[in-house]
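Student: I have a sequence and its coordinates open, and I would like to work through them by question and answer. Could we start with the overall picture and then go to single residues?

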Amino acid sequence: MGQRIPAGGGPFEQEIAEQVKGRAGQDRDGGFAVGMAGRMGDHQFVANGDEDAMIPTFQSYALAQAIPNARLVIYPDSGHAFMFQYPEEFGDEVLRFLAAP
């Protein structure tokens with residue numbers, strides 16, 4: 001099951017935050033996704049695998065932090081195709097997200 005990132009900042013969130021600080025300006029796409037966050041509106045679902053080689057986890061974390069009311073779910077031991085490794089869990093998370101006010 002994916003790990004929901006708590007708003008308060010647990011140990012996992014702190015670790016990712018350190019990666020974000022340490023890699024600022026070093027992301028492959030120049031922060032394109034985070035730069036687009038302002039155009040996406042609020043209440044977005046962001047999901048990723050913790051071993052994604054295409055979109056590093058720190059970028060998903062930064063994107064979710066840039067979008068008001070975003071929900072971030074990180075799936076362990078998975079890469080870019082996490083939804084195929086965790087189809088039921090991912091589907092359940094999407095349904096919960098869509099059902100939320």
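Student: How far does the predictor's confidence reach, and which element has the highest mean pLDDT?
Tutor: This is a predicted model, and the chain averages a pLDDT of 77, with 60% of the residues scoring at least 70. Where pLDDT is low, the predicted coordinates should not be read in detail. Strand β1 (residues 3–4) has the lowest mean of the elements, 54, and the highest, 95, belongs to α4.

Student: In what pattern do the helices and strands follow along the sequence?
Tutor: The chain has 5 helices and 3 strands. Read along the sequence, they give the pattern β-α-α-β-α-β-α-α.

Student: What share of the contacts joins residues at least 24 apart?
Tutor: The count takes in contacts between residues at least 6 apart in sequence. Of these, the share that joins residues at least 24 apart is 73%.

Student: What percentage of the residues is buried?
Tutor: The chain exposes about 6,100 Å², and carbon and sulfur atoms supply 56% of that area. A residue is buried when its relative accessible area is under 20%. Among the 101 residues of the chain, the buried ones make up 34%.

Student: Which element supplies the largest share of the largest nonpolar core?
Tutor: The largest nonpolar core holds 7 residues: Val-46, Tyr-61, Leu-63, Ala-64, Ile-67, Leu-72 and Ile-74. At least two of its residues come from each of α3 (57–66) and β3. The largest share, 3 residues, comes from α3.

Student: How many salt bridges are there?
Tutor: A salt bridge needs a side-chain nitrogen of Lys or Arg within 4 Å of a carboxyl oxygen of Asp or Glu. Arg-71 and Glu-93 meet that limit with an N to O distance of 3.6 Å. Arg-96 and Glu-93 do too, their closest N and O atoms being 3.1 Å apart. The count comes to 2.

Student: Which parts of the chain does the pair of Arg-71 and Glu-93 link?
Tutor: The side chains of Arg-71 and Glu-93 form a salt bridge. The two residues are 22 residues apart, and the pair links distant parts of the chain: strand β3 (residues 71–75) and helix α5 (residues 87–99).

Student: Is Ser-78 buried or exposed?
Tutor: Ser-78 sits in the loop between β3 and α4 (82–85). The relative accessible area of Ser-78 is 2%, and the limit for a buried residue is under 20%. Ser-78 is therefore buried.

Student: Which residue has its backbone oxygen 2.8 Å from a polar atom of the side chain of Ser-78?
Tutor: Leaving aside residues up to four places away in sequence, Ser-78 touches Gly-49, Asp-50, Glu-51, Asp-52, Gln-85 and Tyr-86. The backbone oxygen that lies 2.8 Å from a polar atom of the Ser-78 side chain belongs to Tyr-75.

Student: What is the phi of Asp-77?
Tutor: Most residues other than glycine have a negative phi. Asp-77 lies in the loop between β3 and α4 and is exposed, with a relative accessible area of 56%. Although Asp-77 is not a glycine, its phi is positive, about 50°.

Student: And where does Asn-69 lie?
Tutor: Asn-69 also has a positive phi, near 65°, and is a residue other than glycine. With 57% relative accessibility, Asn-69 counts as exposed. Asn-69 lies in the loop between α3 and β3.

Student: What distance separates the C-alpha atoms of Leu-98 and His-43?
Tutor: Leu-98 has its place in helix α5 and is exposed, with a relative accessible area of 61%. Leu-98 and His-43 are 55 residues apart along the chain, and their C-alpha atoms are separated by 9.7 Å.

Methods. Residues numbered from 1 in each chain as written. Predicted model: local features only at pLDDT ≥ 70, side-chain atom pairs only at ≥ 80, totals over all residues. Heavy atoms only, no water. Helix = DSSP H or I, 4+ residues; strand = E, 2+ residues; numbered from the N terminus. Buried < 20%, exposed > 50% of the residue type's maximum accessible area, 1.4 Å probe, protein only. Polar contact = N/O pair within 3.5 Å; in protein donor to acceptor, adjacent residues only side chain to side chain. Contact = heavy atoms within 4.5 Å. pLDDT = per-residue confidence, 0-100. Core = buried A, V, L, I, M, F, W, Y, C linked by side-chain atoms within 4.5 Å. Areas by Shrake-Rupley, 256 points an atom, 1.4 Å probe, with all protein chains shown as cover.
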